[in-house]
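Take a walk through this model one stop at a time. Keep the sequence and the structure side by side as you read.

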Amino acid sequence: MIQCKTSKEISGMGHSMKRKEDDRFIHGKGNYTDDVKLPGTLYMDIVRSPYAYAKIKNIDSSEALKIPGVLAVITGKDLEQYNLHWMPTLMSDTQMVLPVDTVMYQAQEVAAIIATEKYIARDAREAVRVEYEVMKPVVDPFKALDADAPILRTDKPDKKDNHIWHWEVGQKEETEKIFQEAEVTVKEQMHIPRIHVASIETCGCVASYDKVDNHLTMYMTTQAPHAIRTVFALVAGHVGLTEEKIRVISPDIGGGFGGKVPVYPGYVIAIAASFLIGKPVKWIEDRSENLQADSFARDYHITAELAGTKDGKILATRMKVLADHGYTDASANPSKFPTGMFSIGTGSYDYPNAFMEADAVYTNKPPGGVAYRCSFRVTEAVHAIERITDRFALEIGKDPAALRFQNFIKKEQFPYHSPTGWEYDSGDYEAGLKLAMKGIDYDNLRIEQAEKRKKGELMGIGLSTFTEIVGAGPSKDFDILGIKMFDSAEIRVHPTGKAIARFGTKSQGQGHETTYAQIIAEELGIPAKDIQIEEGDTDTAPYGLGTYASRSTPTAGAAAVMAARKLRDKAKKIAAYLLEVSEDDLEWEPGKFSVKGAPEKSKTIQEIVFASYTNHPQGMEAGFEATHYYDPPNLTFPSGAYICVVDIDPDTFEIKVRRFVAIDDAGHIINPMIAQGQVHGGLTQGIAPAMYEELIYDDDGNILNGTLMDYLVPTAVESPSWETGHTVTPSPHHPIGAKGIGESPTVGAPPAIANAIVDALKPYGITHLDIPITPYKIFKALKEKGVLDKNIVES
Amino acid sequence: MKKEITLKINGEEFTKEVEPRTLLVHFIREDIGMTGTHIGCDTSSCGACTILIDGKSAKSCTILAVQAAGKEITTVEGIATTEGVHPIQEGFKENHGLHCGFCTPGMMLRAIELLEKNPDPTEEEIRWGISGNLCRCTGYNNIVKSIIYAGAKLRGDELPSTEPVFVE
Ligand code: FES
Ligand code: FES
């Protein structure tokens with residue numbers, strides 16, 4: 001049970017307050033980017049490359065330009081005149097806005113049409129003739145470094161191969177030694193598939209440039225409006241569009257999940273078009289364009305190894321990653337972390353030593369590597385450690401739960417220093433796993449499984465006990481393009497005691513309009529319903545780095561607390577003045593200050609606020625406003641214990657997730673209903689790559705499933721009925737002990753499911769299957785093991 | 001060549017000239033200006049554009065505006081009554097059946113038809129019933145709960161609790 005300090009009327013932390021933003025959504029009054037209508041708007045459509053790697057010989061726009069209503073066909077050569085044909089990525093690599101001579105992946109932007117109507121723009125798109133000279137692409141990342149592989153980034157004069165960067169962390173020599181001497185070592189090669197966020201709203205913008213004022217208003221689907229404004233100013237400052245002349249507005253967002261962090265070429269082309277023509281230009285991509293061209297996530301090939309003793313003590317892990325970044329490194333990681341937080345890969349276990357390394361390569365695939373509902377590559381690391389932990393349990397014949405209990409970092413070991421350099425803030429991993437085992441009735445499931453195995457039935461139980469690392473981040477290590485990863489809150493309380501608060505973050509469905517109001521309500525005692533929350537307008541909100549990587553609560557949420565506490569200090573001074581007592585004689589309960597020992601002498605927060613405008617102490621600043629920029633002292637380390645039961649049909653190998661229990665520890669919870677909703681959603685996004693989703697390319701770099709007809713986003717039928725719960729281990733350094741919840745389920749679910757499926761197949765000698773695990777993969781694996789009925793024919 | 005069509009949307013009659021190739025969803029969003037009906041795909045897969053045509057749910061990205069001539073259309077803007085929100089709207093708000101809200105209009109309209117045909121559906125029936133509508137945010141648990149709640153409200157039964165249930 002979660003204890004609340006405030007009344008339901010105030011609805012501070014711990015109340016399952018219904019969401020304030022829902023009224024507009026259930027009435028169809030959400031205002032998403034495609035709903036923005038400005039007078040005189042022009043429409044943009046994009047010609048895309050059918051080839052993965054080709055030289056552009058010629059672009060013939062003449063037929064397209066003959067279509068009435070077509071104003072322009074913009075090519076890379078046009079942008080080159082303004083030096084706008086390339087732009088920086090968030091990882092300080094470079095990305096084409098439009099190509100001048102070479103296309104690097106299938107579906108890359110080649111030219112943009114500007115027309116008076118959407119349908120006319122599409123007609124013109126079909127009428128543009130592009131001549132290509134097709135080249136043999138590099139598709140397989142393992143071949144990208146071959147001596148005979150073509151060098152893809154010929155635009156970089158010094159580039160002599162397709163290698164982007166090397167990264168490593170940990171104790172290389174010690175780890176090697178342990179592996180040489182260990183009683184038991186296990187090793188698996190795994191692929192964390194290339195997937196897509198596939199938010200139901202695609203990306204788009206309305207770029208509106210006013211020639212007279214030299215001012216750009218950019219409505220766009222972005223999770224980080226302030227950072228994007230700065231990036232635009234860096235890209236376009238040289239043509240006179242400096243930062244004070246740019247206003248980025250991120251209206252309602254139909255799901256982001258990291259896919260709306262990067263700057264896509266379409267945004268920049270729309271700005272360029274609006275700048276040149278002087279009218280608003282709207283660009284909304286299709287779903288297929290979204291899946292085929294916008295940033296992918298994951299795509300890590302990992303060799304994971306574990307060394308331990310015969311009785312189950314783990315001693316060291318070693319991981320080697322090959323990262324396929326497509327043709328440019330357009331990840332969205334903090335600058336100093338090319339592999340993001342992959343070094344969280346020692347997980348919840350007390351590893352004396354670890355060594356991890358990664359190499360990234362260019363291929364002819366779309367760029368990306370976004371943090372898809374994951375704090376920068378944590379999903380990849382967690383999958384590797386949770387799978388290899390199970391592999392080790394299998395090797396030594398120990399129950400995977402018992403093995404985890406044996407090796408967990410103990411509660412008393414926090415703050416815990418991991419061998420890869422992190423200081424975990426707090427955790428109680430045993431409590432989480434115990435609750436999950438009780439919730440799913442683990443012991444009886446194992447008994448049932450033993451019975452079923454005797455009958456040849458395929459039932460599996462899978463665990464994942466992971467540690468997340470979120471809330472980037474402390475300014476000493478964390479920045480994006482040099483901008484430190486603090487975040488901000490500004491609270492203004494009006495004379496009548498109602499408030500507005502603005503933030504540098506941007507909700508995409510997380511419910512900030514409710515949860516931020518609850519945080520302020522908790523601190524100031526002003527009812528949450530009386531606090532309006534605003535985000536996403538760079539002209540009005542304080543600067544912040546945006547919402548992704550579960551950072552909103554750890555950073556902006558903390559900023560709200562600190563700003564509110566400044567106001568409470570001021571309120572105390574005013575109360576003392578009004579009640580004619582000293583501040584020391586006052587005590588606070590949510591919503592009012594009263595005199596110690598004389599509770600009838602009190603002032604409500606509303607009375608105090610009113611006085612701050614009407615009767616404030618002389619010498620004190622009038623008004624009731626505060627701003628705070630919060631620079632977190634450390635990251636936060638949420639954790640979870642997930643257990644999943646699967647049944648596999650012995651004839652069709654259809655996999656059914658019978659039950660899934662998820663216990664999360666995100667510290668103090670602001671709104672249990674919303675936190676639970678986040679977990680549900682993340683779990684479905686976890687089952688997706690575990691069983692259904694992967695972007696597949698053929699040898700020529702053609703995407704084979706670039707539409708929602710063949711890229712399998714789970715429906716309500718594939719998605720099981722999730723069972724969730726929590727343990728509460730507050731973060732000691734966060735002002736309200738919160739850790740962030742949104743991403744744990746996406747991170748923790750895939751290995752639980754994979755472990756369950758592999759567990760079901762354990763009697764047949766299968767030790768690992770790459771996700772997504774499909775019936776066909778099971779069929780093939782069993783066939784390879786020679787355990788299939790001879791009359792089952794491969795179809 | 002444009003063609004004149006007359007149709008009713010949320011009880012109001014509209015007569016407009018449209019190109020025969022105009023998709024109904026574009027007609028509703030661009031020509032009529034009601035933007036509550038959304039577009040989430042180009043392959044009739046997501047259901048964000050779901051509306052009711054003569055009471056039957058349909059994906060409005062899969063129908064031409066001219067095919068809807070003479071029909072009565074209901075969009076999300078038309079489901080609340082003067083007395084207040086529709087039970088399905090109440091269900092979604094009370095049960096946290098939405099996060100970003102992008103799939104919500106389509107989901108609710110689909111659910112209205114589902115409950116009309118099957119006033120007391122099982123969880124399994126609801127899941128299959130909304131399987132033409134994708135939601136990327138909620139994981140569907142609370143959408144199912146919202147529809148169960150709306151069903152109870154429409155039948156006049158006792159309303160189920162809206163409190164979140166946790167493994168304790
Ligand atoms: S927009 Fe996706 S089904 Fe209509
Ligand atoms: S609530 Fe976002 S897609 Fe359903």
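Where in chain A does Asn83(A) lie? Asn83(A) sits in the loop between helix H3 (76–80) and strand S4 (86–88) of chain A. The model is a predicted one. Keep that in mind at every stop.

Most residues other than glycine have a negative phi, and most peptide bonds are trans. Asn83(A) is not a glycine, yet its phi is positive, at about 55°. Arg298(A) also has a positive phi without being glycine, with a value near 65°. Arg298(A) is placed in strand S15 (residues 296–308) of chain A.

Now turn to the peptide bonds. Phe414(A) and Pro415(A) are joined by a cis peptide bond, with omega about -5°. Look for Pro415(A) in the loop between H10 and strand S19 (416–417) of chain A. A cis bond also links Ala472(A) to Gly473(A), and here omega is about -20°. Gly473(A) belongs to the loop between strand S21 (458–467) and strand S22 (479–480) of chain A.

Next come the helices. Two packed helices are described by the angle between their axes and the distance between the axes. Start with helix H9 (residues 378–396) and helix H17 (residues 744–760), both of chain A. Their axes come within 8 Å and cross at roughly 30°. H9(A) is therefore roughly parallel to H17(A). The crossing of these two helices, H9(A) and H17(A), is right-handed. Which residues of H9(A) and H17(A) meet? From H9(A) come Val378(A), Thr379(A), Val382(A), His383(A), Glu386(A), Arg387(A) and Asp390(A). Sorted by class, the contact of H9(A) with H17(A) holds seven nonpolar, four polar and three charged residues.

H9(A) has another partner to show. Side chains of opposite charge can pair when their charged atoms come close. Glu188(A) and Arg391(A) form a salt bridge through their side chains, at 2.8 Å from N to O. Glu188(A) lies in strand S10 (residues 184–195) of chain A and Arg391(A) in helix H9 of chain A, so this pair ties together parts that are 203 residues apart in sequence. Over all chains, the count comes to 71 salt bridges.

Move on along chain A. Helix H10 (residues 400–407) and helix H11 (residues 429–440) of chain A have axes that come within 10 Å and cross at roughly 160°. That angle makes H10(A) roughly antiparallel to H11(A). The crossing of H10(A) and H11(A) is left-handed. H10(A) brings Ala401(A), Arg404(A) and Phe405(A) to the meeting, and H11(A) brings Glu430(A), Leu433(A), Lys434(A) and Met437(A). Four residues in this contact of H10(A) with H11(A) are nonpolar, none is polar and three are charged.

Helix H2 (residues 87–94) and helix H3 (residues 104–117) of chain B pack at an angle of about 125°, with their axes 10 Å apart. H2(B) and H3(B) are therefore oblique to each other. H2(B) passes H3(B) in a crossing that is right-handed. Ile88(B), Gln89(B) and Phe92(B) of H2(B) meet a set of H3(B) residues that includes Thr104(B), Met107(B) and Leu115(B). The contact of H2(B) with H3(B) has seven nonpolar residues, two polar ones and no charged ones.

Finish where the chains meet. How many residues does each chain give to the contact? Chain B gives 56 residues and chain A gives 70 residues. Together, chain B and chain A bury about 5,200 Å², with 55% of it on carbon and sulfur atoms. Lys93(B), Arg136(B) and Val167(B) supply 17% of the area that chain B buries against chain A, more than any other three residues. Arg136(B) also forms a salt bridge with Glu693(A), where the closest N and O atoms are 2.7 Å apart. Across the interface of chain B and chain A there are six salt bridges.

Notes. Residues numbered from 1 in each chain as written. Chains lettered and ligands numbered in written order. Predicted model: local features only at pLDDT ≥ 70, side-chain atom pairs only at ≥ 80, totals over all residues. Heavy atoms only, no water. Axes fitted to C-alpha atoms, helices over the stretch in contact; angles between N-to-C directions. Helix = DSSP H or I, 4+ residues; strand = E, 2+ residues; numbered from the N terminus. Parallel < 35°, antiparallel > 145°, perpendicular 65-115°, else oblique. Left-handed = near helix turned anticlockwise from the far one by under 90°. Contact = heavy atoms within 4.5 Å. Nonpolar A, V, L, I, M, F, W, Y, C, P; charged D, E, K, R; others polar. Buried area = accessible area lost by both parts, 1.4 Å probe. Salt bridge = Lys/Arg side-chain N within 4 Å of Asp/Glu carboxyl O.
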